[in-house]
Amino acid sequence: MKTDKSEPERKNLPASEPASVETAPVSNFIRDIVKDDLATNKWDGRVVTRFPPEPNGYLHIGHAKSICLNFGIAAEHNGTTHLRFDDTNPSKEDVEYTEAIKRDVRWLGFDWGDKLFHASDYFGKFYDFAVQLINDGKAYVDDLSADEIREHRGTLKDPGRESPHRNRPIAENLDLFHRMRAGEFPDGSRVLRAKIDMSSGNVNLRDPVIYRIKHEAHHMTGDQWCIYPMYDYAHCVSDSIERITHSICTLEFEDHRPLYDWYLDQLGVYHPQQIEFARLNLTYTLMSKRKLLALVEEGVVSGWDDPRMPTLAGLRRRGYTPESIRDFCERIGVAKRDSVVSVALLEHCLREDLNKRAPRVMAVLRPLRLVIDNYPEGQTEEFDAVNNPEDPSGGTRKIPFSRVIYIERDDFNETPPKGFFRLAPGKEVRLKHAYYVTCQNIVKDDKTGEVTEVHCTYDPESRGGGTPDGRVIKGTLHWVSAEHAIDAEVRLYDHLFAKEDPEEGEDFRQNLTPNSLETLTDCKVEPSLAKAAAGDRYQFLRHRYFCVDSGDSKPGHPVFNRTVSLRDTWAKVQKSQK
RNA sequence: UGGGGCGUCGUCAAGCGGUAAGACACGGGCCUUUGGAGCCCGCAUUCCCAGGUUCGAAUCCUGGCGCCCCAGCCA
């Protein structure tokens, strides 16, 4: 993969505060449970959590919430957090994903130390425990087909029926299970099931499958196994083996908790507490891994790290900072009620962080030539420009100025609407860091009528941006000297989905924003950007925040991704005038 | 009465029997060499509804109503 070094990224950004002191932790019910447990010494003073992704896709912002929660709670109490790959289904999983997941967790700012595990590390133990269940008469081999098992399971309202194989002698179960493992039976021909209660109101307890046969190679264990354990069984036993204290998962697993508890109780082993919280939903954001995969596979986006994706890899490439994501995860809180957080909050967290850290720079996205008629031809001078008014230690840089410059097309209007205080015929504006200029006349294209050039005069007295007479100039424009400008490509991203709820309607694809990527190839940026490196973040003055693309940017041809816009009061005013 | 969970501002969310935090969004003002940032002010007499207990209820009890999840050999 292209870029992924949090190292170089860190280098040219001011050091960030460590996660622990960013903000005082907000109270939530899980923190309360942990605090209580510590007070009653339930776990001998230990706090051990785990983040258990399945390596079948990339991590997204929803996972970030879980990561921050698990690592955060442990860190607050001097505990540890395990990174454990829940890799019990070889048909869906891949090493590409495990590497991406590790990279993303690290980038977010968390460290699992030597606590890196895989459920597949425990395949041997899982097998032995299963044998124990059989020996205790708590599990049996079922010969029913998948369809038959479903049929026997009953419905939500009607109880299920017991399998005819349910009361097989222990010895026979043992023999069959050994032979399942030995590879004697084809996929789907038999399963190992827990013997619980076919009439339970909780469907999960109607003799759930423990092991299924899959003659498939596993990315960690190769072809050592042809039977693989199911999630419910593998997860609780893994937690037990690792002596997890608080096993935090999302709400949909609430119904599984009785099963989690059942396995551990029957096995008579160490028993962590499962706690469920509401997963993160964001407006305009698709959070389903399966559907995100579809976008990648169908080429709707350029990959898992496309800057429009809600994946951590995508957000990183877009220019998000790990600090802003952590701050966001802290601010949204943790509770049990289903909710949809406004994406505006995420963007706010980003802007707040970038405002403090991103150097200001001048870039003209849609250039319009401006000629200063009374400025000597061939003359060049330099101005000192503050890199970041929010950061006194940010220093200054030199910006070259000359007779012909580029300004933003939007910053000139031949027939200015009310309240427009940028450039217009006869009007005077300030060129940031430079001089005041007054528009004297314009040049238009004969055919299209489009303004192709603006002619101005400058006031030599206004050097630096002020005049002795102290006259008030409301409009300040950014600009780039034509002969010194660097050509750049700029990619403007919009929300991938036009609907607040991307899942609305029959097919989420119908809710895609028609043009969520607009590429501008004729941009002019100030020469200091020649040294911009992949991942560097800037504020293009008066525009928004941009990040040097880590995939396609090259030394002679920088490519910038729009990270997030600046607040735009003028746009708001215009909107309200309509 | 299939089982499980949840209902506090537009959106998140504190609150744990003592009289509704905070954030985002929104509206108004100040300030400004970014229409940025910053600063100030405003924004739930009321907590899904109805009863009850109590000197006192968002918090406890009872009964409704609404929303979410579950019938993979996925996780």
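A base nitrogen of RNA strand B sits 2.8 Å from a polar backbone atom of Gly 419. The model is predicted. Two further contacts reach the bases. A polar backbone atom of Arg 542 is 2.9 Å from a base oxygen of RNA strand B. For His 256, a polar side-chain atom lies 3.4 Å from a base nitrogen of the RNA.

Now widen the view to the whole RNA surface. There are 71 residues around RNA strand B, and those that come nearest are Asp 255, Arg 360, Gly 464, Gln 539 and Thr 569. Of the RNA atoms that come within 4 Å of the protein, 63% belong to sugar and phosphate. By class, the surface near the RNA holds 24 nonpolar, 23 polar and 24 charged residues. Helix H6 (146–153), strand S6, helix H13 (343–357) and helix H14 (569–577) each contribute at least two residues to this surface.

Next come the domains. In the assignment for chain A, domain 1 is made of two segments, 29–123 and 233–353. Domain 2 covers 139–228, and domain 3 covers 359–577. Taken over C-alpha atoms, the centres of domain 2 and domain 3 are 65 Å apart.

Strand S6 also belongs to an open sheet of 4 strands, in the order S4-S5-S6-S7 with antiparallel pairing. Strand S4 (139–142) and strand S7 (227–229) form the edges, each pairing on one side only. On average, neighbouring strands are turned by 20° against each other, direction ignored. S4 pairs with strand S5 (residues 191–194) in the antiparallel sense over 4 bridges. Asp 142 has Val 191 in S5 as its bridge partner. Helix H5 (residues 123–135) lies across S4, S5, S6 and S7. Its direction runs at about 120° to S6 (209–213).

Key:
Residues numbered from 1 in each chain as written. Chains lettered and ligands numbered in written order. Predicted model: local features only at pLDDT ≥ 70, side-chain atom pairs only at ≥ 80, totals over all residues. Heavy atoms only, no water. Pairing = 2+ DSSP bridges. Axes fitted to C-alpha atoms, helices over the stretch in contact; angles between N-to-C directions. Contact = heavy atoms within 4.5 Å. Domains from an automatic or database assignment. Near = heavy atom within 4 Å. Polar contact = N/O pair within 3.5 Å; in protein donor to acceptor, adjacent residues only side chain to side chain. Nonpolar A, V, L, I, M, F, W, Y, C, P; charged D, E, K, R; others polar.
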